[in-house]
Amino acid sequence: MSSAGSFSSYGEITQSEINSFLGSENTKRSNYPVYSTTPVAKKVKQIYEDRLRQFTSKGEYSKFNLPAFYDRARTDATDYIQLETYPVPDCRRPLFHDALKEAQGNWVLAKKGDSFGPSWTTHWFKVKFRVPRNSSIWKEANQILFNWDCGNEGMIFTEDGKAQVGLSGEERREWIIPENWTNDSKWHTIYIETSCNGMFGNADPNNNIQPPQNNRYFSLVSADLVVPNLPARALFVDFWIIGDSAREFRDESWQKHKAREVANQIMDAFDPNNPDETIEQCRQIARTYLGCHVDSPDVFKGDSVRDKVIAIGNCHIDTAWLWPYAETRRKIGRSWASQLDLIKRYPEYRFVASQAQQFKWLAQDYPDLFDRIKQEAKNGSFIPIGGSWVECDTNMPTGEALVRQFLLGQRFFLHHFGKKCRTFWLPDTFGYSAQIPQLCRGADLDRFLTQKLSWNNINNFPNTTFNWVSPDGTQVLTHMPPDNTYTAPAHLGDVARSLRTHKNLDITQTGLLVYGHGDGGGGPTDEMLEKLRRCRGLSDTVGELPRVKLGSSVDDFFDSIECSTDHGKNLVTWNGELYFEFHRGTYTSQSDTKKGNRLAEIMMHDLEFITTLASIQGAADYIYPKREIDDLWEDVCLNQFHDVLPGSSIEMVYEDVKKIYMHAMKTGEKLARDALKALDISVDLIGNNSEIVAINTMPWGRSEVVKVPTSNFKTIVASETFVCLQTTQSGLAKIQKFEAFRGKTMPCATVEEVEDGVFVMQNSRIRATIIGGTVTSLIDKQTDREIIASSLNDDGIETRGNQFVLFDDQPLNWQAWDTEVFSLNKRKNIPDGKVRITHNGPLKAAVEVEHKISDKSTIINTISLNAYIPPNEDDRQSELNIPDVSYLEFACEVDWHEECKFLKVEFPVDITCEYGTYESQFGLVRRPTHYNTSWDVAKFEVCTHKWSDLSEYNYGVSILNDCKYGFSIHGNVMRLSLLRSPKAPDANADMGTHSFRYAILPHKGQLNADVVRAAYNFNHPLDSYYIPRRTPAAEAADKLLKSIGFEGDKNLILSNIKRFEDDKDISRGELEVRYNGKSIIVRIYDSLGTKSKGFITLKYGLKIKKVWKCNLLEEDIGEIEETSIVYTCGNDGEVIKIPVEIRPFQVCTYRIELT
Ligand SMILES: [Zn+2]
């Protein structure tokens, strides 16, 4: 007997019939037969479960089962559909109107079966079609589809260039033809843009992180008109979810066994010879399990208290990865056009999209889509999220760069969508700076979402919903979707896991399900939305599955957590960085990009310093280059995308990145020149009466040995090309004449070969012994302390400082991303090189050493020491804060052609401490030097910024660097990561020449402010310029550059000076002007972790109106009381002192309104 027969009719089913079917009502005792008529077998579970696959699979029985009935009719006859194509020459990507102009007169006939390529080329198609009227199926169809499959990505446009839906060649092939075209018998034209790449670029289908295949062709498989069999397609999804219930529910749950039985009943009821009628019967049976409302959004109605899983659509579009930026621009159009189409058809659907940069590209390339998105944003369906410029890496960008990610991002969203975002959306990034909570809150983001930590390859992160706390105590409400993915296919299992694997169920019982195809874009499909309707129907009908809800936003989700946890007070806290136990190679891969990032960040700091000052008091006609500076920051932030800066993209991406950095540096240089010109400072020699100067953009004094570019200037010794430039504060540093150096003797650095191959390099502070390029001894003369720990290692080799080591680097997978703990087992010291003296005093001593890494690779290392120029007593008294340090510097030129090797340089130091300290955004992070626990082991390679330090109570050693980010300190070995050589996804990553610098800086006492400042100075070398000698203009320029400064606790760093975004003279009109005059933003942070005080100083005629403390978005928080501002008079005239008080590791921003 067919169980479907238990229903009296196949019309609308009633709840009592469902109840009866489920056995919840007792049947009447009198109907129970006295005699058994037929033996009934107990069904063998595994066989009846395995059988389910037959019904929907495309295997050997498909013609007897459901797949044979998804279409009612299909045609590709030329009577109804005709194709022409225009291959765009080269790898250009013209937009719709340009492409059509080019194509005019160049269209050629095309047909199914034709191939298109090679990889990365673009082909446009003109498609003419009319709907057949030759049968009742076509005439009576209430929906007709255009089905296109060329195996690659594409987009359908109407004749007037309106983007319709994206095509992917896999999950996205169909477009619903406008209703008024289906029965007018007329020819209609659409255009299709296809790009010869898949969702994951042109990756090897078997291993998509291998380098792309550049000669791929794509065959046109389908260009058909189709009448879909909608009930058959609906039954397919019904059966899928019921089948998943049978396979995936717990064995102990009755719902699992019931699902198997219901699915078997559906298969039994289906008759391929009577499909229409039996498909309807099958759907009726399905309703007994899924409920009656799965064909409409009504399924989500009802009491929301029991909603446990909030499902939110998203499509993670990597801004570049296995495809270049230019392709991303089209992926955005394709993906988001499809989402707008879904929003039209599924009222319950909510979609989030992040990254202001992507919205900006969309507005440029697809203005009509952008307008539609703005409308749907108003309706609450298409929800901008994230608040950042891109989903950036957060290991390597400086604190200031992260601030700019938010400043650019939030201002973009505010301008275009009328509101800021509340959630920092960062599902896919390789580690999370401890300062993110503080920076988020400063940018009005009180929620944070990520997922990547579930990829940890050593320890399982213990929380799902928690308060994440920065070192200064600021917290952000954090959720990591329990399904452990941001590209969930919205299967039943995804809904189940969204609660089952939640790790804080004692406190909060809801999870966010983030579904939709992603990484290469795409997003949710109608199939996913249909599945979710059924999942919800199932929960309300039979239970077992957590109740999934659509129609809520991410804000709603976080609101509900806040509500149920007493505003988060009951949630677990996690303090400090969220270290990602994976992808540790990304601190080093693609070292040119890392260097480009460091240089660009430094350039932007200096550029804003100079242009800000020039714009407040430079030449009257000087105009602050706001647009250009914004553009530069956008580019710098773009390249910090989480697959770009970390080095995990394909070669094509890095070709673009290189161009972007070169353009940025060139533009920055020009803008700086313009600003300097407004200050009468030139980079070119201005006749004989010029003076050489350098601009110190640091807010402290400097005294440094600098190579001068010309022999026109008198130096101390006729042959010497080095001078000492000194300044007691920011502004112009001038040549220090030692004859007049307040009676002191000439400082000196020397090097001599004391015995064969043994070189001693020294100044009055340190003495280094160099053998074969390694440092066998480094003595601090002040404390008479040996820094290098020389001992015999396990192989009987003497440990030395500056030892280059080549490690085998063959991670388990993910070459560009990973370096694995076992790579430390296979190491080879790079042999000693030949040393020759290249400079010998008085201000600098240097030797050059050439090392052979292998037959293919070499290092030329210049080891140098500058004369130690002590700050004199007067300087100390006036607290001029010239860092009192001396360090041994190493400048490397490496020709690098290795395979799967990792080059590092080691310094075994005579220091014992259980933790090492590393600079990070606006502060530092301490990490263990031991391997006590698996959490400690996991940190065998970590991220650093400009300095890394190992200190005991009264002595320490720091390693400075100018463009590196990978480091480790274990035991007493400090190890800077230099170069990697992964072969995927860029087969040529890091091959070629590289230059970089690092230094070893011993210091008395613990880690201190001099180290922090020395690292800043090391990264901001003093560049020489010229000014006219002793003219009023030169005087004025010097004063202006010194006019804003800081005095107070030395751990406080005045990190950035910039113009206020919403001053009248620089506003771009996108947001409201908030000050009619000129104002300056000053950012200060505590670099070492202590409550501190100081003053922002303004002098040389700067007058202030009001001073505001503001957030990172430059919104005023509160006015600094006028009575607390101190006005003093000294040698520099009136000095205005604005008091600053800062908590440990706090970042503070002030807006100073000038009169
Ligand atoms: Zn990603």
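Strands β35 and β36 (residues 858-866) pair in the antiparallel sense over nine bridges; two strands are taken to pair if DSSP finds at least two bridges between them. Strands (E, at least two residues) and helices (H or I, at least four) are DSSP runs, numbered from the N terminus. The structure is a predicted model, in which local features need pLDDT of at least 70 and side-chain atom pairs count only at pLDDT 80 or more, while totals for chains, interfaces and linings use all residues. Residues are numbered from 1 along each chain as its sequence is written, and side-chain values use heavy atoms, with hydrogens and water left out.

K852 has T858 of β36 as its bridge partner, and a hairpin through five residues joins β35 to β36. V835 is bridged to V849 in β35. The hairpin of β34 and β35 has three residues between the strands, and G841 there takes a positive phi near 75 degrees.

## G772

G772 sits in the loop between β29 (766-771) and β30 (774-780). With a relative accessible area of 8%, G772 is buried; buried means under 20% relative accessible area, exposed over 50%, and partly exposed in between (1.4 Å probe, protein chains only). Contact means heavy atoms within 4.5 Å. Leaving aside neighbours within four places in sequence, G772 is in contact with G757, D832, G833, V835, V849 and H851. Two of these contacts, V835 and V849, are the bridge partners named above.

## Zinc site

The zinc ion has protein donors H316 (NE2), D318 (OD), D428 (OD) and H642 (NE2), which lie 2.0 to 2.1 Å from it. Donors are N, O and S atoms within 2.8 Å of the metal (3.2 Å for Na, K and Ca); water is not among the atoms, so sites may look incomplete. The angles subtended by the four donor atoms run from 87 to 159 degrees, which makes the arrangement irregular. Four donors count as tetrahedral if all angles lie between 85 and 135 degrees; four count as square planar and six as octahedral if opposite donors are over 155 degrees apart and all others between 65 and 115; anything else is irregular.

Along the chain, the donors follow the spacing H-x1-D-x109-D-x213-H. D318 is in the loop between β13 (309-314) and α9 (325-345), and D428 is in the loop between β16 (423-425) and α13 (436-442), so the pair ties together parts that are 110 residues apart in sequence. D318 and D428 are both buried.

Four of the five residues of β19 (residues 475-479) are buried, so the strand is largely enclosed by the rest of the structure. β19 pairs with β17 (residues 447-449) in the parallel sense over three bridges, where F448 stands opposite T478. With β18 (residues 465-469) the pairing is antiparallel over five bridges, and W468 has V476 as its bridge partner. β18 and β19 form a hairpin with five residues between them, and G473 in the turn has a positive phi of about 100 degrees.

A490 lies in the loop between β19 and α14 (492-500). Its phi is near 60 degrees, a positive value in a residue other than glycine. A490 counts as buried, at 0% relative accessibility.

## Nonpolar cores

A nonpolar core is a set of buried Ala, Val, Leu, Ile, Met, Phe, Trp, Tyr and Cys residues joined through side-chain atoms within 4.5 Å. The largest has 169 residues, of which W124, I266, W336, F359 and Y515 touch the most other members. Helix α12 (residues 399-417) gives the most to this core, with nine residues. Apart from it lies another core of 63 residues, including I787, V925, I959 and I969. Beyond four places in sequence, the residues that Y515 touches include A311, I312, Y349, A490 and L550.

## Backbone features in loops

The peptide bond from G117 to P118 is cis, with omega near -5 degrees, and P118 is in the loop between β4 (115-116) and β5 (122-129). W120 is in the loop between β4 and β5; W120 has a positive phi of about 75 degrees although it is not a glycine. At 4% relative accessibility, W120 is buried. The bond from A984 to P985 is also cis, with omega near 5 degrees, and P985 is in the loop between β45 (973-980) and β46 (992-1004).
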